[in-house]
Amino acid sequence: MAATSGVTTKLNILVPGGIGFIGSHCVIELVNAGYEPIIIDNLSNSSEECLKRVEKIVGRKLTYYIVDCLDLDKLRDVFKKHSIYAIINFAALKAVGESVQKPVLYYKNNVGCLFNLLTCMEEFNVKNFIFSSSATVYGAPQYLPLNEQHPCIGDAITNPYGKSKYICEHILKDTVVAHPDWNVILLRYFNPVGAHESGLIGEDPVGKPNNLMPYVAQVAVGRLPVVSVTGTDYDTPDGTGVRDYIHVVDLATGHIAAVKKLQDNPGLKIYNLGTGKGYSVLQMIKALEKASGKKIPYQECPRRAGDLASVYADPALATKELEWSAKRDLDDMCRDLWRWQSNNPNGFQ
C-alpha cells in the first residue's frame, strides 16, 4: 500500500471483466488483501447480480462501471476518474469450441480490448499490467507437465481462442521492450472450476455452457439432460481428455501474489497457474457425482475441433517466485461447485 504523511492509501487496481467468473473471485481476494478494485464490465457473459453478491461477501459497495473495453472513449473516462496502480485484465471471450466457429469475434474482442487498455496506460502513465492468459498458448504439448520454457508456436495452437492469447502475449512482450520501466506479468491459466465457499457466486455462463464443469453441474441440477463427452479415443487412461483443473479461489490468490510481485519491478514475468495434476473428463463427472450424490448421465460423442488429449502444468516457478501454490483439491472444487449450483439452479437469474 502507498503511504503519505503516515496515512495509508489503498492502491487502485483496474479489473476489466471484474464481474465474470474469475474476475469476481479475484475482486474478493483483492479486497481481502487491502487493495481497491475498480471494476469495469460489458455484461456480455456476466450479471450485475454477481456484483451485488460480491458486495455482500466483502461487506461494502464497490466502484463499478458498465464499460466495453472496445469503447476507447468510455475507457478513457475511467482512467480520468481514478489513479490506477495496476490493471488485471480479464476482459476476453474464452470458449475454445466457440472460437473455432467465431474466430473474427475472438480476435476483435480479445486483441482489441488489449490495444485500448495499453493505449490508456500510455496516456495516463500506468506501468503495471497483469494479463489473464491461458495454457492454450502452448499448443499441442511436446512434453508434460508444461513449464514456462515450453515453446509457444503459433501454428501449433489448435484454436482461435488460444491464438488470440498468443497474439496478446507477443504484443505485451513487445510493449515491455518499448517501455522498459513497465511491469507485465502473464498468468497462464489451466482450467478454473469450483466457486466461492459461500455459494453466493460461481460460474454462470450466458446460454449453454461451453466449458465442461458448468455443463456437468447443470446436468446434475436438472437444467440440461445429458453431458456430451466429446472424444473417448484419446491416448489417456480412460480415453477422455485430461486437464489440470484449479479451484477458482486458488487462481484468484495467484493474482494477488502477482500484484505483490509488481513491487519488485520485475519487468516481464510469465507464470503457470495450475495444480500440476491432470484429471480426465470421466473422472470429473464421477467427482461431481460424489459431491452431489446424483447420477450424472453422459453420452459419448466425436472429438471437438481444437481439443487436445492431455494438458497439465508444472507450477514450480510460481511457487518459487510468487510464493503461491494451489491449496484446494478435486473434492474441494466439486463440493464448492455443487454448493453454488444447487443453491442457484438457474444461476444469477
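Reply:

Helix α5 spans residues 103–124 and has 22 residues. From first C-alpha to last, α5 reaches 32 Å, close to the 32 Å expected at 1.5 Å a residue. The expected span is 1.5 Å times one less than the number of residues. Helices here are DSSP runs of H or I with at least four residues, strands are runs of E with at least two, and both are numbered from the N terminus.

This is a predicted model, in which local features need pLDDT of at least 70 and side-chain atom pairs count only at pLDDT 80 or more, while totals for chains, interfaces and linings use all residues. Residues are numbered from 1 along each chain as its sequence is written, and side-chain values use heavy atoms, with hydrogens and water left out.

Back to α5. Its buried residues include Y106, N109, N110, C113 and L117. Buried means under 20% relative accessible area, with a 1.4 Å probe and protein chains only. The buried residues of α5 pack against β3 (12–16), α3 (72–81), β6 (86–89), α4 (96–101), β7 (128–134) and α6 (160–178). After α5 comes N125, with a positive phi near 60°.

Now α6. This helix has 19 residues and reaches 27 Å between its first and last C-alpha, close to the 27 Å expected. Among its buried residues are P160, Y161, K165, E169 and L172. Their cover includes α4, α5, β7, β8 (183–189) and β13 (268–273).

Next, a helix pair. The axes of α1 (residues 21–32) and α8 (residues 248–261) come within 8 Å and cross at roughly 55°. Axes are lines fitted to C-alpha atoms over the stretch in contact, and angles run from 0 to 180 degrees between N-to-C directions. That angle makes α1 oblique to α8. The contact (heavy atoms within 4.5 Å) involves F21, I22, H25, C26, E29 and L30 of α1. On the α8 side, the residues include V248, L251, A252, H255 and V259. The contact residues divide into ten nonpolar, three polar and one charged. Nonpolar means Ala, Val, Leu, Ile, Met, Phe, Trp, Tyr, Cys and Pro; charged means Asp, Glu, Lys and Arg; the others, Gly among them, are polar.

A second pair is α7 (residues 212–221) with α11 (residues 330–343). They pack at about 55°, with axes 10 Å apart. That makes α7 oblique to α11. Contact residues include M213, P214 and A217 of α7 and L337 and W338 of α11. This contact has eight nonpolar, three polar and no charged residues.

Note on methods: Parallel < 35°, antiparallel > 145°, perpendicular 65-115°, else oblique. Buried < 20%, exposed > 50% of the residue type's maximum accessible area, 1.4 Å probe, protein only.
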